[in-house]
Amino acid sequence: MADNGRKAETVTLTMDGQEVTVPRGTSLLHAAESIGTEVPHYCYHPGLSAPAQCRICLVEVEGAPKLQPSCVTMAAEGQVVHTDSPAAKRMRQGVLEFYLVNHPLDCPICDMSGECMLQDYVFDEGREKGRGREPKRVFGRDDFGGDVLYYGDRCVMCTRCVRFMDEVARDSRLTVVERGSRAVIDTFFDRGLEGASFAGNVVDICPVGALVSKDFLHKARAWDLDHTPSICPNCSHGCNIELHTRDNLVQRLKPRENQEVNGHWMCDYGRANYEWMNRPGRLEAPAVGRGSDRRAADWREALELLFASLSAAEGDVALVGSATCSNEALAGLVALGEEMSGGEAGRVFRSPRAADEVPLPGFPLLVRRRDLVPNSDGAELLGFERAGNDDGQGGLEHAAEHGGVVIVLGDELVDQGEEFGANASLFVYLGTFDTAAAANADFVLPITTFAEEEGSFVNAQGRVQRFQQGLRPPESARPAWLVLGALVAALRGEETPGSAPEAFARLADAHPAFEGLTWEAVGDRGAALIAEAVHG
Amino acid sequence: MLSECFGDPRARTVAGWKAVGGYEGIARALEIGREATIDDVKASGLRGRGGAGFPTGLKWSFMPKNSARPHYLLCNADESEPGTFKDREIIRWTPHQLIEGCLVGSYAIGASHCYIYLRGEFFESTNVLARALEEAYAEGLVGKDILGSGVDIDITLHVGAGAYICGEETGLMNSLEGRRGEPRIKPPFPAAVGAFGMPSTINNVETLAAAAHIARHGGEWYRQWGTEKSPGTKLFCVSGHVNKPGNYEFPLGFPLMELIEDVCGGIPGGHALKAVIPGGSSVPIMDAGDCRACTLCYEGVEAAGSMLGCASVIVMDETSDIVKQVRRMAHFYAHESCGQCTPCREGTTWATRILQRIEDGRGTEDDLDTLVEISEQMTGTTICVLSDSLAMPIISSIEKFREDYLALIRRGERVGAA
C-alpha cells in the first residue's frame, strides 16, 4: 500500500467476491452488512465494546494464518475476505454445536423463541443432529431483581448484559462468576437490578432467552406480536420505540434504534408504563347536552350541532390542551380558537413532572426527562402555557369559571369537580374517558390515544418525531386532529384534512416553528426543528 | 549455570549471590547502556523459556523508544503448566538470580517498575523471594538510584490466586490490574498497550535469570552451549516413570533418551517406554518411536512431531493408561478455561465428558471422530491457546494410541494399570 503520510478515508476490499468500499476503521462485520451479508454474532453489539469472545463471527481473511473475528478486525485496503468459505462455515457449525451441548432447547416454553439468535443461526447453519450424549449442565433460574429473570441454562455467555451495566448504565450490578463452563452471570450478593433505571435493556440485548422480562413472562409468543414504530409517551425525551401488540392490546414496549435520540436504549420507567394504553371503559360515542339533557348522538349530528353552537357562541374562548396530544391535534385546537369571533382567553396545558432527570451515563443523549408526557415541547411551541403543579393538577381556575367558550382537549380533569364549566356559554370536552368534570359539557367527543392514531410529537431536543397506529380505537373514537380539523374547515369553508400528514402540512404552514418541515422529511427517524424557533 | 546454586542456601543472600558473581550482570548492563544490553541478549539468541520460545532480545526491542509513558516489566512466575517446576526452584534457591534478571530486563526496556506475578500456591518461594527482595532494597540494588547509577527500578511481588489462565501473558495483566483473569485480544500487543494500558514486556522467570548471566558475560558467551537455533542451557523438569525425577540443566540439543536413561536412571521396574510429553501437558504426545532420535531443542522436538514448550518432560512407561492420562489433562483444561471463548468453554468440558465416558467403558468408535473434530474446532479459534493446548494431546493420543482407546471401547479393556 502506498503510504504518502496521509491515509485514504476509505478502503476497498473484496468480500465474498464482491468489491466493497467502506470508511477506514469499518469492521469486517459492518463491511459485510453493507453488502447485505449478516455475519452471525453474539457478543458483538453496536452499542457496546467488542470482546470478540463468542467466536462465531470468525471469517476467512486471505493471508491470515487463522480465521479472524470480523467484529474487531478492521477492513484494510485490498483485503480478500470470505464470510462463507468452507473453513468459515465449518467453524460456525462447530461453534453452534458447542452452544447446543449444554443448551436446554426449551424453545417451546422460552419467551425468546421466535426472535432468538441461537435458534436463527442453528436453523440457518447448524448440524442436523446434535452429537452431545452427555447430560446437560443445569444452573436453574435466578431472580436478578427489578423486571429481570435469568435462566442460566440458556445463557451463551456473551456478556452483553454485564457490559451494558458497566459501560452504558455505568452501574456495575452484573458480573461473570466462576469460570469455564461453570461460569454464569450473577448479581453482587443481594444487590440485584432492583432500583436500577435502565436495566430492562439487558433483556433486549440478550441474544437468547437467558434474560427475560418478568412482566412479559409467558404472556405472548414473539411471532404473534405486531410491531408498530412509535414514540415512548412516558416522558418528553421521546425515545423511539415499537409497540408490540396482540389482541388489540399493547403487550410490551421495545426500544427502536435512533442514534440521535436514544441509541439502542430506553429507560425502565418508560418501558413499564404501557398498561394505560389498554385501559378499558373508554368513551364510546359522541354525546350532546348538559346534565340530564345528555344524549348520545352520531358524529354527523354532533358536529353539525357543534358547528352551529360555535358559530353562534359568544365571549372569548379558553383552551385547555394536553401534552399527551399530537402536534396535529393541538394545532387544530389553536386553529379553532383563532376562528372564534370572540377571540382567545388563553391556552394552557398541564403535565406531571418528576423531581429529577435520570440520565444514561454511557449514552448521554438519553435522559429520562422531568416532563412525564411526550409533547410538552410541542404544546409550548404551539403557544400553550404550562399550568398547575408537578402532579399535573390545579391551575385551571380560569377555565373552570370562564364565562365564554371552554374547549378541553385530552386533559381528563381528574382533579376538577362537577362545577367545572358551569358558567361557560359553551363547553366542549374532547377526551378518552368520561369524567365528573365533564358534567356541564355541551359536547362530549370521544378521541383516540396516540397508540390508536398517526401523528407527531416534539421532544425535549426540539425534534419532531412521528408515531404510527398500533391499536384499533373504540368504535366511535376519532383522532382529535380529524374532529378539530373538520370544525375548522367548516368554519373556514375549506376541505377537511383527510390524514395526519395533511393535518401536519397545515400546521407547518401556520406555525413558523415548523416551517419547512414535511411529513416525509420527518420520516421514521424524526427531524430537528430550527433551533431559533425552538429556543428563540 | 542457572542451577549452579540449587540446594545451597547461602545463595539466598545478597552476599552469597555476589560470591558467585551475582549482580555483576546488572552492573555491566548499566555500564554499557540499554541498547548494548538488548544487543547482547539478541546476540545470545536467548529464546523465551515460558513455552513459546520467542527470541527475548527481539521482544525487548519492540518496546517504544523515547516514550514519555511508564514502561513495565512483568515477570511471569505463575508457573502452572502441569509437569513444570523449574521456576519454583530458581526462586526458592536463587531469588537474587531472578531479581538481577528483573533489573537487567527493566533497565533494557526502560521500565522503572517490575512486577513479579507469583503463582498463588508458591508459599515457600514467595517467602524466600520477599526476604531476598527486602535485602536487595536495603543494599541499594533495587529501588532508587540502583548501584549509584541514577537509574530507578522498583520491584513489586504480586501473588495470584491460583489460576492457570493467569500465566497467559494478557490474562496475567488483567489479573494484575484486579480484573478477571481473562486473556485479551491481540492486537494491541503488550509492547504497545500492556499492563495498566502502558507499554509492557512479559518474560518468564527462567528467561530473566538467563538474561542476568548474559548481561554479565555477553551474548557470544551464551552461544557456547546449545544449537544454532536454540542457544544456551535449559532446565528440564523430568517427571513420571523415571528413577530419578527432578530438574536437570543441560545445553539445548541434549538427546531425550540420554536424559531419560542415563541422567534420570531409566524407567523403574525395567518397563519399556510408552510415551513422552516433552514440553508440559500442552503439547502433542510422542510415542516411543518418536523419542528415539529426539534431541531436546526447539527444532529437535518439532522434528519429532511435538514442541519443546517449557521442557517439562513427562515420561510414561508401558503400564500407563493413556486414555486416563488424557482425560485427566482434559479435566485440568476444562477446569482452568476462563470461559470467555465458546470453543474453549464448551469444548474442553465436552471433551472431558466424552473421555470420561470412554474411560468408564461406555464409549463408541464414533466418539473418537467426535473428539478429533471437537479438537480441530478448538484449534486456532479462540483468543488464547488454552483450548489448542488440550486439542494437541487429544489429537496426538488418538493418532498414536488409538488401540488403547479401541480396547476400552470394544472390549472394556484398560491398557496399563488402572
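**Entry 1: helix 11 of chain A.** I checked the length of helix 11 (residues 480-492) of chain A: at 1.5 Å a residue, its 13 residues should span 18 Å, and its end C-alpha atoms are 18 Å apart, which agrees. The expected span is 1.5 Å times one less than the number of residues; helices are DSSP runs of H or I, at least four residues, numbered from the N terminus.

The model is predicted: local features need pLDDT of at least 70, side-chain atom pairs count only at pLDDT 80 or more, and totals for chains, interfaces and linings use all residues. Residues are numbered from 1 along each chain as its sequence is written, and chains are lettered from A and ligands numbered from 1 in the order in which they are written.

I noted buried residues in helix 11 of chain A, among them A:W481, A:L484 and A:V488 (buried: 20 or more other C-beta atoms within 10 Å of the residue's own, C-beta atoms being placed from the backbone). A:G493 follows helix 11 of chain A and has a positive phi, near 70°.

**Entry 2: chain B against chain A.** I found 24 residues of chain B in contact with 25 residues of chain A (contact: C-beta atoms, placed from the backbone, within 7 Å). Helix 14 (322-336), helix 15 (342-359) and helix 16 (365-377) of chain B each supply at least two residues of the side that touches chain A. Helix 15 of chain B gives the most to this side, with nine residues.

Key: Two residues are in contact if their C-beta atoms, placed from the backbone, lie within 7 Å. A residue is buried if 20 or more other C-beta atoms lie within 10 Å of its own, exposed if 12 or fewer, and partly exposed in between; C-beta atoms are placed from the backbone.
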